[in-house]
Amino acid sequence: MPASASAFSRVEFLVSAGITGGLPPEDLPELAFAGRSNVGKSSAINALTRRKRLAFVSKTPGRTQTINFFDLGGHGRLVDLPGYGYARVPQAIRAEWDQLVGGYMSSRRTLAGVVVLMDARHPFTPHDENLLAWLRPAGKRLLILLSKCDKLSRQERVKVLKACQVRLAARAFDAEARLFSSLSGEGVEETRTLLEGWILAAGAGHKKPPVKGN
């Protein structure tokens with residue numbers, strides 16, 4: 001892909017997978033978006049791709065029950081994972097989600113990085129902590145987006161970002177934290193540029209499938 005091209009310039013929905021056997025081929029680098037239910041994963045994907053309804057945004061927490069894949073013009077994929085931590089979802093369904101997401105995260109060879117969204121007003125919930133602890137040995141690139149930061153004052157935003165950075169450093173997490181708002185646009189351009197770099201770096205040594213007819 002030319003340096004001037006954007007990995008996010010051509011994006012379209014690819015497939016929803018309800019079981020690990022329904023996942024697309026492991027032929028392109030993937031960036032997975034994880035976080036609590038209703039934390040803003042789908043809104044973040046829409047903002048980053050400059051699309052209003054690419055990823056479905058539901059006002060009902062726990063609505064997304066599949067892994068949704070979005071193709072980035074054949075250069076990579078964005079992956080919207082089911083939200084975690086919503087108490088009203090039946091335990092049996094939550095167990096199925098855990099199995100689905102766990103299977104993907106632990107075995108996906110083309111997973112190039114994970115974007116964890118946390119509500120800037122309530123970061124590092126026990127569920128967030130569990131996810132980070134689970135991701136540590138995986139050794140994947142990790143980005144923390146403090147979503148809905150538009151709900152905080154400027155002083156509060158500075159404070160929560162600093163606290164997040166200190167917390168990550170104290171636990172020796174090789175991760176970056178950024179303020180992010182799908183509504184105001186704060187952090188969107190910078191995050192898009194960073195993730196495009198991840199896609200390019202992951203795909204640099206990757207062989208694409210041959211084009212038919214060549």
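**Close-up views of a predicted model**

**View 1. The largest nonpolar core.** The largest nonpolar core of this predicted model holds 34 residues. Within this core, Leu81, Tyr104, Met105, Val116, Ile144 and Leu146 have the most contacts. At least two core residues come from each of β2, β3 (67-71), α2 (91-107), β5, α3, β6, α4 and β7. Another core lies apart from this one and has 25 residues, including Leu31, Val115, Leu117 and Phe180. In soluble globular proteins, nonpolar side chains tend to be buried together.

**View 2. The surroundings of Ile144.** Which residues are in contact with Ile144, leaving aside its neighbours within four places in sequence? They are Val116, Met118, Leu132, Cys164, Leu168, Glu176, Ala177 and Arg178. Ile144 belongs to β6, where it stands opposite Val116. Both Val116 and Ile144 are listed among the residues with the most contacts inside the largest core.

**View 3. Strand β5 and its two partners.** Strand β5 covers residues 111-119, and nine of its nine residues are buried. Strand β2 (residues 30-35) pairs with β5 in the parallel sense, over six bridges. In this pairing, Ala34 has Val116 of β5 as its bridge partner. Strand β6 (residues 141-147) also pairs with β5 in the parallel sense, over seven bridges. Here Val116 stands opposite Ile144, and Val114 stands opposite Leu142.

**View 4. The crossover from β5 to β6.** Strands β5 and β6 are parallel partners. Between them the chain passes through helix α3 (residues 126-135), making a β-α-β crossover. Is this crossover right-handed or left-handed? The crossover is right-handed.

**View 5. The sheet.** Seven strands make up an open sheet with mixed pairing. Their order across the sheet is β1-β3-β4-β2-β5-β6-β7. The edge strands, β1 (12-17) and β7 (176-179), each pair on one side only. From one strand to the next, the twist averages 25°.

**View 6. Helices α4 and α5 against the strands.** Helix α4 (residues 154-170) lies across β6 and β7 and runs at about 170° to β7. Helix α5 (residues 188-203) packs on the sheet, where it touches β2, β4 (77-80), β5, β6 and β7. The direction of α5 makes about 165° with that of β6.

**View 7. Helix α1.** Why is helix α1 (residues 41-48) described as largely enclosed by the rest of the structure? The description applies because seven of its eight residues are buried. These buried residues are Lys41, Ser42, Ala44, Ile45, Asn46, Ala47 and Leu48. They pack against β2, β3, β4, β5 and α5.

**View 8. The loops on either side of α1.** Asn38 is placed in the loop between β2 and α1. Its phi is near 70°, a positive value in a residue other than glycine. Arg50 lies in the loop between α1 and β3, just after α1. Arg50 is not a glycine either, yet it has a positive phi of about 60°. Is Arg50 buried or exposed? Arg50 counts as exposed because its relative accessible area is 52%, and the cut-off for exposed is over 50%.

**View 9. The whole chain, for orientation.** The chain contains five helices and seven strands. Read from the N terminus, its elements run β-β-α-β-β-α-β-α-β-α-β-α. The chain has 214 residues, and buried residues make up 47% of them. Of the contacts between residues at least 6 apart in sequence, 74% join residues at least 24 apart. The chain exposes about 11,300 Å², with carbon and sulfur atoms supplying 52% of this area.

Notes
Residues numbered from 1 in each chain as written. Predicted model: local features only at pLDDT ≥ 70, side-chain atom pairs only at ≥ 80, totals over all residues. Heavy atoms only, no water. Buried < 20%, exposed > 50% of the residue type's maximum accessible area, 1.4 Å probe, protein only. Helix = DSSP H or I, 4+ residues; strand = E, 2+ residues; numbered from the N terminus. Pairing = 2+ DSSP bridges. Right-handed = clockwise from strand over helix to strand, strands pointing away. Axes fitted to C-alpha atoms, helices over the stretch in contact; angles between N-to-C directions. Contact = heavy atoms within 4.5 Å. Core = buried A, V, L, I, M, F, W, Y, C linked by side-chain atoms within 4.5 Å. Areas by Shrake-Rupley, 256 points an atom, 1.4 Å probe, with all protein chains shown as cover.
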